[in-house]
Amino acid sequence: VFFFFLKGITMRNQRVVLLVEIVIFAALGFLLVLIGFGMPQGGSVTFVLVPIILIAFRRGIVAGVVTGFLIGLLQVVTGRFYPAPLSFEIVIMQVGIDYFIAFMVAGLAGLLRPAYIKAYQHQNKMKMTIAVVLGALIASFLRYLAHVLSGILFFGEFAEGQNVIVYSLVYNSTYMIPVFLFAAFICSILFVKAPRLLLPKS
């Protein structure tokens, strides 16, 4: 009985630590949003994907998705979002895509967590770096697709006669490509130089 009691306490403590880490990474992500370079029709070049990728590699996909959700929520509740010039009901859908789905799907970078851990165990820095870059690519590309979809559905008037799909693809790439490059570069350095930061004690 005492063994199960101690095990229960340990599991609860682990959950508390996990929740605290998620909140810390979400707060860091929100702070990084504040120091980005904003685009005229929404979107910005920031390091916001870095903490999402970090927690996704450290704790897994669910932690990454929850962190992305919290970052989006913080942006919305503090008024740091760009609404489409449409009705309130439509704006709700647009905000849901641009500030919740877009950051939540970035947590899927955690798909590369097993590959990274395996490479770390074999001390293969090249494979570690590849796993990190691919994780950053997944996070960036899925976020990019969410913004492209939002652009097609809600920001067509900014295309000014151009094909709205092409316009959204090009416009959103202008800031998402730098976002990916920054995230891949920073995470690669952190993950390879300080891998213990991403491998919590069990």
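Q: Where in the chain is confidence lowest, and where is it highest?
A: Confidence is lowest in strand β1 (residues 37-38), at a mean of 72, and highest in helix α3 (residues 61-77), at 97. These values are pLDDT, the predictor's confidence in each residue, from 0 to 100. Helices (H or I, at least four residues) and strands (E, at least two) are DSSP runs, numbered from the N terminus.

Q: What does the model rest on?
A: This is a predicted model, in which local features need pLDDT of at least 70 and side-chain atom pairs count only at 80 or more, while totals for chains, interfaces and linings use all residues. Residues are numbered from 1 along each chain as its sequence is written, and side-chain values use heavy atoms, leaving out hydrogens and water.

Q: What is the mean pLDDT of the chain, and what is found over residues 1-7?
A: The chain has a mean of 89, with 92% of its residues at 70 or more. Over residues 1-7 the pLDDT is below 50, and beyond near neighbours in sequence this stretch has 0 contacts (heavy atoms within 4.5 Å). Where pLDDT is low, predicted coordinates should not be read in detail.

Q: Why is α6 called roughly antiparallel to α7?
A: Helix α6 (residues 125-154) and helix α7 (residues 164-193) pack at about 155°, with axes 8 Å apart. Axes are lines fitted to C-alpha atoms over the stretch in contact, and angles run from 0 to 180 degrees between N-to-C directions. Under 35 degrees is roughly parallel, over 145 roughly antiparallel, 65 to 115 roughly perpendicular and the rest oblique, so α6 is roughly antiparallel to α7.

Q: What makes α2 and α7 oblique to each other?
A: Their angle is about 45°, with the axes 9 Å apart; α2 and α7 are therefore oblique. Leu49, Val50, Ile53, Leu54 and Phe57 in α2 meet residues of α7 including Met176, Val179 and Phe191.

Q: How do you know that Phe57 and Tyr116 are edge-to-face?
A: Rings pair if their centres lie within 6.5 Å; planes under 30 degrees apart are stacked, over 60 edge-to-face and the rest tilted. The centres of Phe57 and Tyr116 are 5.7 Å apart and their planes at 80°, so the pair is edge-to-face. Phe57 lies in helix α2 (residues 49-59) and Tyr116 in helix α5 (residues 113-121), 59 residues apart.

Methods. Phe/Tyr/Trp six-rings, centres within 6.5 Å; stacked < 30°, edge-to-face > 60°.
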